[in-house]
Amino acid sequence: MILDGKCPTGPIETSWDRHRFNLKLVNPANKRKYKILMVGTGLAGGAGAASLGELGYDVHAFCYQDSARRAHSIAAQGGINAAKNYPNDGDSIYRLFYDTIKGGDFRAREADVWRLAQVSNNIIDQCVAQGVPFARDYSGYLDNRSFGGAQVSRTFYARGQTGQQLLLGAYSALNRQVKTGGVKLFPRREMLDLVVVDGIARGITVRNLITGEVESHWGDAVILATGGYVNVFYLSTNAMGCSVTAAWKAAKKGAFFANPCYTQIHPTCIPQSGDHQSKLTLMSESLRNDGRCWSPKKQGDTRKAGEIPEGERDYYLERKYPSFGNLAPRDIASRAAKEQCDDNRGVGPGGRGVFLDFADSIGRVGEDTIRERYGNLFDMYEKITDENAYKQPMRIYPAPHYSMGGLWVDYNCMSNVPGLFVLGEANFSVHGANRLGASALMQGLADGYFVIPYTVAGYLTTVKPGQYKDDHAEFKKSREDVEGTAKKLLGINGKKTPAEFNREMGKIMWNNVGMARSEASLKETLREIPKLREEFWQNVKVTGSGKELNQQLENAGRIADFLEFAELLAKDALHREESCGGHFRVEHQTDDGEAMRDDENFCYAAAWEFKGLNKEYELHKEPLKFDNVHLAVRSYK
Amino acid sequence: MDLTLFVWRQKNAQDKGKLERYEAKHVSPDQSFLEMLDEVNEDLIKKGVDPIAFDHDCREGICGMCSQVINGRPHGPQEETTVCQLHMRQFKDGETIYIEPWRARAFPIHKDLIVDREALEKIQQSGGYVSCHTGGIPDGNALPIGKIEADYSMDAAACIGCGACVASCPNSSAMLFTGAKVSQFAVLPQGKIEAKRRVQAMTEEAQSCGFGNCTNHYECEAACPKGINVKFIAKMNREYIKSLI
């Protein structure tokens, strides 16, 4: 099937304004009759729930954490982009639009990206009004910093805690609605199924993580803002609870999953200290401005950095990419580090790391200047590794941290299942094959504050409020399915813990579907993952019962979903016979190792339809048209 | 290194609970405290024992989910460090470590080390916001805010809402938590408009949730993983008095 994103036609500059005008409205008196379920309370979910509650809808918001304030949006450090052009350096909506399309390697929808760039300015105003303490200069005006992938300073920030402050802003708006009764919160609930009646999303099934009770919730619309899925790699910068579960349950109920192979690996994370560790901590990319990446020339060299003479060091980025050197783009830098380690020239425990050396810069500008620029990062590094990076090089290694792919949505952020909307990282819409820094926060808040309040109304005018409630047979069936799965997991009583399966799955995915993918590695994944999935359902050991707080059961359920989803990720990567953004197929590269797109054959979003486990997925294509930018090779030279 | 752990085990809110002894063997000093507990749990599962339940999520010291009292100190011995960022090199081989949940009347225990912090939510919901609408907002630069006020506000806003301040206080007071939110808004022009109503509502809510009052022990500041300063309690008190005039 050829998918239609239902984007407005005509001049892109006015597309969102015209579309907004054409969307139907719900009468203020009727709004409270509609119940909307919001799953996830990060930037997209929190902002969306608060805005919809304020409009007068009856909003019920769910999160697995004990508070809406703890969603993983909170961990974003750097900042949020907006096309304000405050620094007078030539920024504009068009430039932000163009940078985002190009950064995504021409694999995103033009109209969605234009809207994102357009409303980016409203986000900053909104956050200021909420009392978000953005950085300011002495005149009292907002300060900006530079970020990757752009030649203008358009990033707004709140120290190194921008995500936290923006989330607390959305959370405060949410609290205001809780107080007035517009929003009802359901913390410590995990969505374990989507309820679909006659092809339309009508509610969800959740597990109360404290009591273990399986609950049904009906809604006239269901909105997922449930984040990304890179925990499929085990190693990641995501929070421990981040999972594909909510999105995957929706996919199994008919929602198409688009471009799952677009995952982003961040080059500068603190390496793993042992197998026990899955969570990796990100270090700001800005460090590569003053640090030189190297590893020993000799294989298996276990000497300390200081004992390796200059002539025996391989400054591999400078060697391979003389023009960009240590500032090579994220994907290139990540792959190069992996190649060094695969060649047995990694450093640190397990040999999975490379050096990021500041000695030259310290010699040139002095330790004090380096401390001024990066002091907080050096402190954080020391807290985790007990190493002083002023005296010896840092050890870094790439780690998965964002998924550009997600559930397919149209211009209204609605999936192909009517009534099911998807916001933020959970959808696939604006980042194409690669996301630029400081754009994730922008998308989350754009979707939540300024898109969904309009588009959900357009849908709700087509349905009768409260037509199907949780006494419908589909709700009962869904509860039984969820309870059945829990019972099955608890009854296996095998020999391996959920964490052991998690590690094994991560190893398969990271080695074969991580930074570089080949036909052979992907085919191996498609053999190994189903095997592991089979073993999981024979041999997992989940202690306790389903009628209590049971973190092992929660984990096991998430891993079970990842074990199904992982196969689709590999399938998508195998089918996409090109390299673009975060998706690098070794067969498709230029002589100097750059990604080679195939616009003739793959200029489309790949949306996969689940047809039943162990059955072939059906591929639906949404062709991508570029009327406002010129399709070009993304050169890093 | 090898360690002996005494961990608070409590099946549910009704259960009485007690300290159980566990051995943690071959612990690497480079492990984080929670990774050490992960491994203890793996062993327990293999033995068929219910693993230790504890709250955690981001594991990078920002979400505020983790909440353990280690050897009598919320978040353990290292200054300005959450449990998830605490590493085992802070401990010595052969050491005995006591691990307990946050303890306060307003934080009932769900299970083992997991407590119910809904009371903190209630304080926020009572007034921890600026009552602005979504949309219809003038340009961000239309409201200049002095750098000093913006920085002061940010110092207060850095609170991660973990509740260590409550757990460390002999009165189980939430005044550092409440004071930080009150102060963040009180110095900003957009927050001043509702300052009176906010400080009264939030302090009243804290009291009715069962949190105690401040008697200047400053344990909260010492325990706070983000180093939130007790000056924000003083600021809240001044705001409160101002609101009565």
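Because the model is predicted, local features need pLDDT of at least 70 and side-chain atom pairs count only at pLDDT 80 or more, whereas totals for chains, interfaces and linings use all residues. Residues are numbered from 1 along each chain as its sequence is written, while chains are lettered from A and ligands numbered from 1 in the order in which they are written.

**Chain B as a whole**

Chain B holds nine helices and seven strands, where helices (H or I, at least four residues) and strands (E, at least two) are DSSP runs numbered from the N terminus. Its C-alpha atoms fill a box of roughly 60 × 35 × 35 Å along the principal axes. Of the 245 residues of chain B, 54% count as buried; a residue is buried if 20 or more other C-beta atoms lie within 10 Å of its own, exposed if 12 or fewer, and partly exposed in between, with C-beta atoms placed from the backbone.

The domain assignment, which is automatic or taken from a database, divides chain B into domain 1 (3-111) and domain 2 (118-244). The C-alpha centres of these two domains of chain B lie 29 Å apart, and 18 residues of domain 1 are in contact with 17 residues of domain 2, a contact being two residues whose C-beta atoms, placed from the backbone, lie within 7 Å. On the side of domain 1 of chain B that touches domain 2, the residues divide into eight nonpolar, six polar and four charged. In this division Ala, Val, Leu, Ile, Met, Phe, Trp, Tyr, Cys and Pro count as nonpolar, Asp, Glu, Lys and Arg as charged, and the others, Gly among them, as polar.

**Sheets and strand pairs**

Chain B has an open sheet of five strands in the order β2-β1-β5-β3-β4, with mixed pairing; two strands pair if DSSP finds at least two bridges between them. Strands β2 (18-24) and β4 (73-74) of chain B stand at the edges with a single partner strand each, so one side of each has no neighbour in the sheet.

In chain A, an open sheet of five strands runs in the order β11-β15-β14-β12-β13, and its pairing is antiparallel.

| Strand pair | Bridges | Residues opposite each other |
|---|---|---|
| β7(A) and β8(A) | five bridges | Ile204(A) and His217(A) |
| β3(B) and β4(B) | two bridges | Val69(B) and Pro74(B) |

The hairpin of β7(A) and β8(A) has five residues between the strands, and Gly212(A) takes a positive phi near 85° there.

**A helix of chain A**

Helix α6 (residues 162-180) of chain A has 19 residues and reaches 28 Å from its first C-alpha to its last, close to the 27 Å expected at 1.5 Å a residue, the expected span being 1.5 Å times one less than the number of residues. This helix, α6(A), is mostly covered, with 17 of its 19 residues buried, and Gly181(A), which follows α6(A), has a positive phi near 90°.

**Where the chains meet**

The contact between the chains takes 64 residues from chain B and 64 residues from chain A. Among the elements of chain B that each supply at least two residues to the side touching chain A are α1 (33-46), β6 (109-111) and α2 (118-127). The residues on that side of chain B divide into 22 nonpolar, 26 polar and 16 charged.
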